[in-house]
Amino acid sequence: MPSSLQKISQSVESRSSDEKYADVNWDELGFGVIPTEFMYIMKCSNGGEFSQGHLTPYRNIELSPSAGVLNYGQGLFEGLKAYRTEDDRFLLFRPEENALRMQMGAERMLMPSPSTQQFLDAVKQTVLANKRWIPPPGKGTLYVRPLLIGSGPVLGVAPAAEYTFLVFAAPVGIYHKGPKGLNLYVEDQLHRATPGGTGGVKSITNYSPAYLAQQQARAKGFSDVLFLDSVTGKYIEELIACNIFVLKGNVLATPAVHGTILPGITRKSIITIALDFGYQVEERVIPVEDLLEADEAFCTGTAVVVTPIGAATYQGKRVEYNTGKGTLFHKLRETLTGIQTGRLEDKKGWTMEIN
């Protein structure tokens, strides 16, 4: 009799040959959880190394009530996308960077981590198993979420005894919708990260503490929150889930990565593209006044890609920014998405074709 893994493999092959696309209204695609068919899972004991993982049908997972991730927040996640090209190829964008960032985060959170090759193999298998869920070109992408969690039971304050690496995926559309760009509230009371903390890695504990500031801002009519540094309250850092850039003249500036800023992969790519365009790029501390005096401002991230900031409000002062087609934001976004989707030649070796 075939094993469970053989049955899964046969199911993947059967579905792949039967139909090109899943039954999804691609024109109404938002950014939410649409369960796909398969996920990848791999386990490791504390002090050990991850071994061979496997695909399994997408389902709920079992955890002990005393699991490290539930009690002490020992967990990391990554986010990347799979793109369907016009000639029906599947591309990933700089996935090795996600693998390296997870390894960096795992070191900070005292967790074992999959090797770069294990990470890439898991992502590739998950994408190919769910390729029917990769939207048509121009309709969206397949968002891929690798998770690394302390799944073993623990009661005392200590690392978990077992760790689980899993990868799931969901088709997504645009993260931020709206013709005028983001309407930001600059938060000067609550903070996202502190020096010496985990703001520079993708710890699961970085996000829910920001929900209160986000909820309060949205209640006032804003779309998102920009946080200031927690030491002086004078310098901009980042939004809840993306990095920020400000443009003044020919100088494009973004907050320097120094422990409280996440080293975004889209951020890193935009810096390179802007330099190619001939702009001067500065990674430095940025006073909030520089934001208020900027010609343009935009944010970057896997989910948001490159999204313009239409306005920002700080202590009652509101400023607006140009978001039209002649802006740097527009040129950067067109170039980046062109490379990601195969419309433009990838001269930097950033994309990885999977089949």
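How many residues of domain 1 are in contact with residues of domain 2? In this structure, 22 residues of domain 1 touch 23 residues of domain 2, contact meaning heavy atoms within 4.5 Å. The model is predicted, so local features need pLDDT of at least 70 and side-chain atom pairs count only at pLDDT 80 or more, while totals for chains, interfaces and linings use all residues. Residues are numbered from 1 along each chain as its sequence is written, and side-chain values use heavy atoms, with hydrogens and water left out.

The domain assignment places domain 1 at residues 38-172 and domain 2 at residues 182-341; such bounds come from an automatic or database domain assignment. Taken over C-alpha atoms, the centres of the two domains lie 26 Å apart. The size of an interface is often given as the accessible area lost when the parts come together. Here domain 1 and domain 2 bury about 2000 Å² between them, with 65% of it on carbon and sulfur atoms. Buried area is the accessible area (1.4 Å probe) that two parts lose on being put together, summed over both. Of the area that domain 1 buries against domain 2, Phe 77, Phe 93 and Arg 101 supply 32%, more than any other three residues.

Polar interactions also cross this interface. Ten residue pairs, both members at pLDDT 80 or more, are in polar contact between the domains. A polar contact is a pair of N or O atoms within 3.5 Å; within protein, one must be able to donate a hydrogen and the other to accept it, and residues adjacent in sequence count only if both atoms are side-chain atoms. On the side of domain 1 that touches domain 2, strand E3 (75-77), strand E4 (80-84), strand E5 (90-93) and helix H3 (95-108) each supply at least two residues. Helices (H or I, at least four residues) and strands (E, at least two) are DSSP runs, numbered from the N terminus. H3 gives the most to this side, with six residues.

The interface of domain 1 and domain 2 holds one salt bridge, defined as a side-chain nitrogen of Lys or Arg within 4 Å of a carboxyl oxygen of Asp or Glu. Glu 97 forms a salt bridge with Lys 268, their closest N and O atoms being 3.1 Å apart.

By this rule the count comes to 17 salt bridges. One of them joins Lys 43 and Glu 162 at 3.9 Å, N to O. This pair links distant parts of the chain, Lys 43 lying in strand E1 (residues 38-45) and Glu 162 in strand E7 (residues 162-172), 119 residues apart. Lys 43 is partly exposed at 42% relative accessibility, and Glu 162 is partly exposed at 31%. Buried means under 20% relative accessible area, exposed over 50%, and partly exposed in between (1.4 Å probe, protein chains only).

Arg 84 pairs with Asp 88 in a salt bridge whose closest N and O atoms are 2.8 Å apart. Arg 84 is buried, with a relative accessible area of 5%, whereas Asp 88 is partly exposed at 33%. Lys 20, Arg 84 and Asp 88 are linked in a network of salt bridges.

Asn 130 is found in the loop between helix H4 (116-129) and strand E6 (141-150). Asn 130 is buried, with a relative accessible area of 0%. The side chain of Asn 130 makes a polar contact with that of Thr 36 at 3.5 Å and reaches the backbone oxygen of Thr 126 at 2.9 Å.
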